[in-house]
Amino acid sequence: MNKKEIDYALSLAAGWAWGVSLIVGMQTVQEKGIVPFLIWAVANSFALPIFGFFSYRINRLRNIIDSFPVRLFTTLIMVFCLLIQMNCIYDTLYQVLPSWVCIITTISISLFMSIFLYKDGILRNIKIDKPLWIACYAVLIILCIVGFCSKTDRYELVAYADSTGIKWALNSCLILFAGPFMNIQNWQMAEKLNNEKCLEKCHTLAGIFFGIYMLFVLILSIFTFSNAMLIIQVVAIMCITCTTIDASIVGMQKIGGRKIGLCIALITILCW
């Protein structure tokens, strides 16, 4: 495993983690229990290795993905994804900043990403994701340290609240396993990694990196966050959200090249 392959794996893991996943993950543990969360987290972590294993073994699957109707549908998913991440940035910043500052910051970050990724989109995406995902790990470690060292209240976690939580987790597995196949940016990465003969290796490592992230989510679900922890959490969510925004914008370039992709991204941002 060389440095380049590690960078690819970090980018894959970062792009798979939506900005809301940190909050949703902790709420899942607290409300549904540890077992439903573990099922959900394991499925999330295995989704990328499963995609890496099957994506270039089934030729007809790639032909379907490359068809115009499917590319149009997956582009719409990228639009939807970008809008969700912009909402996530706004909602996260709104905890500590005035509304007008949140709006300007959200639009500015999205516009910067759109312009920055116009040239060499996939390569720049990888370069952005590495420091952001490492920063995310660092912030989550700080959060864990602050949580254990402070006197904040702690949740009494249960194995599972009731059977509906486990059913929810099991049902979510199929959706999670299918998710990477409907993410056009994953196919862009898969093409690059397949050409470099490291497709399965990088996706397997990405699953491990994402599993580490899920472990942090489980640990942090123990704590009732203090004001200081909420502020630190804002930084973590911003790192996660930005790695998903850049993946969405690069994915938009698949349907008609970088000019069309830029137009789609700018229209989406203006419509937000």
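**Helix packing and aromatic pairs in a predicted model**

User: Which residues form one aromatic cluster here?

Analyst: In this predicted model, one aromatic cluster is formed by W133, Y137, F210, Y213 and F216.

User: And how many aromatic pairs does the structure hold?

Analyst: The structure holds 13 aromatic pairs. One of them joins F51 and W187, whose ring centres are 5.0 Å apart with 85° between the planes, an edge-to-face arrangement.

User: Is F148 buried, exposed or partly exposed, and which is F223?

Analyst: F148 has a relative accessibility of 46% and therefore counts as partly exposed, while F223, with a relative accessible area of 1%, is buried.

User: Switching to helices: at what angle do α2 and α10 pack?

Analyst: Helix α2 (residues 21-32) packs against helix α10 (residues 199-220) at an angle of about 55°, and the axes are 8 Å apart. That angle makes α2 oblique to α10, and the crossing in which α2 passes α10 is right-handed.

User: Which residues make that contact?

Analyst: From α2 the contact involves S21, L22, G25, M26 and V29, and from α10 it involves Y213, V217, L218 and L220. By class, the contact of α2 with α10 has seven nonpolar residues, two polar residues and no charged ones.

User: What does F37 touch?

Analyst: Not counting residues up to four places away in sequence, F37 touches G25, T28, V29, M214, V217 and L218. Among these, G25, V29, V217 and L218 also take part in the contact between α2 and α10. F37 itself is found in helix α3 and, at 1% relative accessibility, counts as buried.

User: How about α5 and α11, which way do they run relative to each other?

Analyst: Helix α5 (residues 68-93) and α11 pack at an angle of about 160°, with axes 9 Å apart, which makes α5 roughly antiparallel to α11. Here α5 passes α11 in a left-handed crossing.

User: What classes of residue are in that contact?

Analyst: The contact of α5 with α11 has twelve nonpolar, six polar and no charged residues. The residues of α5 that make it include M78, C81, L82 and Q85, and those of α11 include V234, I237, M238 and T241.

User: Last one: where does S11 lie, and what is it in contact with?

Analyst: S11 lies in helix α1 (residues 3-16) and is buried, with a relative accessible area of 3%. Leaving aside neighbours within four places in sequence, S11 is in contact with N125, I126, D129 and M189. S11 and A206 are 195 residues apart in sequence, yet their C-alpha atoms are 7.9 Å apart in space.

How values were computed. Residues numbered from 1 in each chain as written. Predicted model: local features only at pLDDT ≥ 70, side-chain atom pairs only at ≥ 80, totals over all residues. Heavy atoms only, no water. Axes fitted to C-alpha atoms, helices over the stretch in contact; angles between N-to-C directions. Helix = DSSP H or I, 4+ residues; strand = E, 2+ residues; numbered from the N terminus. Parallel < 35°, antiparallel > 145°, perpendicular 65-115°, else oblique. Left-handed = near helix turned anticlockwise from the far one by under 90°. Contact = heavy atoms within 4.5 Å. Nonpolar A, V, L, I, M, F, W, Y, C, P; charged D, E, K, R; others polar. Phe/Tyr/Trp six-rings, centres within 6.5 Å; stacked < 30°, edge-to-face > 60°. Buried < 20%, exposed > 50% of the residue type's maximum accessible area, 1.4 Å probe, protein only.
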